[in-house]
Amino acid sequence: MRTKLSFAFLAAVLLWGAEAIACTGLLVGKKASTDGSVMISYAADSHNLYGELYRWPAATYSKGTMLDVVEWDTGKPLGQIPQVEQTYSVVGNMNEYQLAITESTFGGRRELRDTTGIMDYGSLIYITLQRAKTAREAIRVMTSLVENYGYYSGGETFSIADKNEAWVMEMIGKGPGNKGAVWVAIRIPDDCISAHANQARIQQIPFKDKENCLYSPDVVSFAREKGYFSGKDEDFSFAKAYCPYDFGGLRGCEARVWSFFRKYDKSMDKYTDFVKGDPTLEPMPLYIKPDRKLSVQDVQDGMRDHYEGTDLCMTNDAGAGPYKVPYRWRPMTFEVDGEKYTNERAIATQQTAFVIVPQMRDWLPDAIGGILWFGVDDADMAVFNPLYSSILDEPECYRVGNGDMFNFSWTSAFWIHNWVANMAYSKYSFMIEDIRKVQQELENGYQDLIPAIDKAALELYEKDPAEARRFLTWFSATTANQATERWKKLGEYLIVKYIDGNVKKEENGQFKCNAYGQPASPDFPGYDEEYYRSIVNSTGDRLKVR
């Protein structure tokens, strides 16, 4: 059955495509992880954003100091707010107290966006990380900021986590001239996992569970006032009121959540028709209890998903080309013979600026317990490097100013990874095998090394916390810079091995030579039978040998 795309989905593609609207977030409670850590994830999927590491050192300010608020997506100045006297150090989306905050934009009802507000979603995240120590405190800070200064952005889903708890908070403005926002935050049970991907996900609100559910006093009454809801409070759905499901919100967004959930709960396949675009069916739950516990590698691999193992898998149609590329160049939608169609939107996508898995560990001091697993570009071909959240400086390969979207740099991890990925897109089924070997070599090495680094850092911390931070700064920078250099070597290897569509022969890890020391004749792999058949079907007898 051909389903026409909704106007809301097309509007989102056209009007919001330049912003970071295509992000995905995964959450894992401490009893749902293999080691007792709390984990979340985030991919900053924007065609305009450069992959670099933001850092704010802890600082003290004199009373009366004002803070400039600048929109994260565009750099537009939005206004000023009073600065607090003491701020905390922040690396990326994680601070020195193991608090991490990420987001995905759901947009929602466009009439609720308040262009007079000061606080955009990016500023909310990075200002709050400098002011809060726990997830609950972060929720108070974020909601107070929008109440006092107005909310500038569209609807957002936030992952907010510390070393003990993980929360999902959804927020949307009230429209021009109506300062503030309506919002709800729900704690994910410790033994559960959750996810969100550009579609509001909170349905019924457990109003009586004050310990695990927080919300704005007018979250229901405002919806009644606007005509979005008219039933009983217990039947109220935040998602249905403020971001109603449509084809695009399901197929392009909820499908990503489903793809993650079904890896850990086989019963999720009952939602297949729902995520394919039928909003009349039962929605998925906000969280599930997984059938096994997740490691940090599981969360990292979750960010590399292209619907493998499902009938939405992106390597199974003609769009994948002869080398089974699980990517589709924008625009996502297209028209043939008057009918509109859409490509799938997977968790892993080509336009990612950076991808992270913050890991919070309560059995270690905060300076050692927090690890920001940080990678750049396409999550599928990124390397998650460990950056301890207490580091005093950022690695050169991630440093702000080391290249930008207009200037290539051979020492920038973002550009090196883009260089390799853009080679791989042209011969993906071949090159991904070589990429995986190096990716696993690095990431498995980190998993083997981290326990020893934790132990050494803890011994230093007990004597001199400052020295422990210097040690972790050195380790984080060294591994990240070395990984970038290793990826550069991988790129050199790939261009040599696959030059001009051929594949050089290898023997014992070296390119093979003939008896006279010259390069052996390469392999000419051509294409598989399926692709050759598509050529014949499109050309008829024109290419037939007679």
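Two strands pair if DSSP finds at least two bridges between them. Keep that in mind as you work through this predicted model.

**Exercise 1.** Find how strand 6 and strand 7 pair, and over how many bridges.

*Solution.* Start with the ranges: strand 6 covers residues 66-70 and strand 7 covers residues 77-82. The two run in the antiparallel sense, with five bridges between them. For one of the partners, take Leu 67, which is bridged to Ile 81 in strand 7. Now look at the hairpin itself: six residues lie between the strands, and Gly 75 there has a positive phi near 85 degrees.

**Exercise 2.** Classify the aromatic pair of Trp 329 and Tyr 425, then work out which parts of the chain the pair ties together.

*Solution.* The whole structure holds 36 aromatic pairs. In this one, the centres are 5.2 Å apart and the planes make an angle of 65 degrees. Planes over 60 degrees apart count as edge-to-face, so that is the class of this pair. Next, place the residues: Trp 329 is in the loop between helix 8 and strand 18, while Tyr 425 is in the loop between helix 10 and helix 11, so the pair links parts 96 residues apart in sequence. Finally, check accessibility: Trp 329 is partly exposed at 49%, whereas Tyr 425 is buried at 9%.

Terms used: Residues are numbered from 1 along each chain as its sequence is written. This is a predicted model: local features need pLDDT of at least 70, side-chain atom pairs count only at pLDDT 80 or more; totals for chains, interfaces and linings use all residues. Side-chain values use heavy atoms; hydrogens and water are left out. Helices (H or I, at least four residues) and strands (E, at least two) are DSSP runs, numbered from the N terminus. Rings of Phe, Tyr and Trp (its six-membered ring) pair if their centres lie within 6.5 Å; planes under 30 degrees apart count as stacked, over 60 as edge-to-face and the rest as tilted. Buried means under 20% relative accessible area, exposed over 50%, partly exposed in between (1.4 Å probe, protein chains only).
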